[in-house]
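The following exercises concern one protein chain. Each gives a task and then a stepwise solution.

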Amino acid sequence: MGFSSAIKFSLISILILTISQNLMVVPVGALGTGGGTLIPQTCQKATQSSPGLSYDFCIKTLQSSSKSKTKELRWLGMIASSLAGARATYGGKRADVLLAKTQDPYAQAKLTECKRLYAEAWSDAKQAKYAFKTNNGAEGNMHMGYALNKVVACEDSWKEEKGHVSLLTKENYNLEQLSRMGVAIGNIMSRV
């Protein structure tokens with residue numbers, strides 16, 4: 001990791017810690033007792049505490065899962081981390097497809113770097129899912145934060161040389177949103 005990348009990683013880590021510390025304490029009863037109110041209230045709290053997280057993305061994503069009718073916040077964390085893992089896998093496959101098509105050495109290097117970061121994000125999401133399953137919101141938050149760092153590093157790496165645009169912006173956006181959801185849900189869980 002170069003000096004510039006190390007600084008970016010440190011700044012992202014500080015941002016995540018700041019977001020984590022600024023979340024409001026949410027009593028369990030305030031989140032509702034069913035899937036009908038749990039998702040909107042969770043997404044509202046998550047978007048208030050996590051800059052860049054889209055409320056609409058949060059709602060649509062969590063409601064799209066068959067397990068979204070849950071009465072437990074940990075299941076929402078498991079949904080977010082499962083989907084993040086799937087998006088990381090897709091991102092790696094998309095990087096492979098683009099690698100086969102491009103002749104640009106800079107793009108090849110960035111795609112290879114992002115493919116590695118996606119594999120690491122997948123592992124982080126898998127560990128987060130287990131943490132959420134065992135009702136350990138703090139650990140789920142930590143691992144989803146690691147996944148978030150990886151996807152941001154992938155997107156930012158394309159900006160290191162002028163004139164290049166990320167070929168993975170859509171993949172990075174979706175994975176970043178899912179990671180932000182997981183971070184926020186883990187924080188909410190650890191504070192109730």
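**Exercise 1: Overall architecture**

Read along the sequence, the chain of this predicted model follows the pattern α-α-α-α-α-α-α.

Task. State the secondary structure content of the chain and the share of its residues that are buried.

Solution. Step 1: the secondary structure comes to seven helices and zero strands. Step 2: of the 192 residues in the chain, 46% are buried. Step 3: among contacts with a separation of 6 or more, 73% are between residues 24 or more positions apart.

**Exercise 2: Confidence**

Task. Determine which element has the lowest mean pLDDT and which the highest.

Solution. Step 1: the chain averages a pLDDT of 84, and 80% of the residues score at least 70. Step 2: helix H1 (residues 3–22) has the lowest mean among the elements, 38, while H5 has the highest, 97. Step 3: over residues 1–35, pLDDT stays under 50, although the model has 54 contacts beyond four places in sequence for this stretch. Step 4: where pLDDT is low, the predicted coordinates should not be read in detail.

**Exercise 3: Packing of H5 and H7**

Task. Classify the arrangement of the axes of H5 and H7 from their crossing angle, and describe the residues in contact.

Solution. Step 1: the axes of helix H5 (residues 105–133) and helix H7 (residues 169–191) come within 12 Å and cross at roughly 25°. Step 2: angles under 35 degrees count as roughly parallel, so H5 is roughly parallel to H7. Step 3: the crossing of the two helices is left-handed. Step 4: H5 contributes Tyr-118, Ala-121 and Phe-132, which meet residues of H7 including Leu-175, Ile-185 and Met-189. Step 5: by class, the residues of this contact are six nonpolar, three polar and one charged.

**Exercise 4: Packing of H3 and H7**

Task. Carry out the corresponding analysis for H3 and H7.

Solution. Step 1: the axes of helix H3 (residues 55–63) and H7 are 10 Å apart, at an angle of about 85°. Step 2: the range 65 to 115 degrees counts as roughly perpendicular, therefore H3 is roughly perpendicular to H7. Step 3: Phe-57, Cys-58, Thr-61 and Leu-62 in H3 meet Tyr-173, Asn-174, Gln-177, Leu-178 and Met-181 in H7. Step 4: these residues divide into six nonpolar, three polar and no charged.

**Exercise 5: A backbone angle**

Task. Locate Asn-135 and decide whether it is buried or exposed.

Solution. Step 1: Asn-135 is found in the loop between H5 and helix H6 (137–157). Step 2: its phi is near 65°, a positive value in a residue other than glycine. Step 3: most residues other than glycine have a negative phi. Step 4: with a relative accessible area of 53%, Asn-135 is exposed.

Definitions and conventions. Residues numbered from 1 in each chain as written. Predicted model: local features only at pLDDT ≥ 70, side-chain atom pairs only at ≥ 80, totals over all residues. Heavy atoms only, no water. Axes fitted to C-alpha atoms, helices over the stretch in contact; angles between N-to-C directions. Helix = DSSP H or I, 4+ residues; strand = E, 2+ residues; numbered from the N terminus. Parallel < 35°, antiparallel > 145°, perpendicular 65-115°, else oblique. Left-handed = near helix turned anticlockwise from the far one by under 90°. Contact = heavy atoms within 4.5 Å. Nonpolar A, V, L, I, M, F, W, Y, C, P; charged D, E, K, R; others polar. pLDDT = per-residue confidence, 0-100. Buried < 20%, exposed > 50% of the residue type's maximum accessible area, 1.4 Å probe, protein only.
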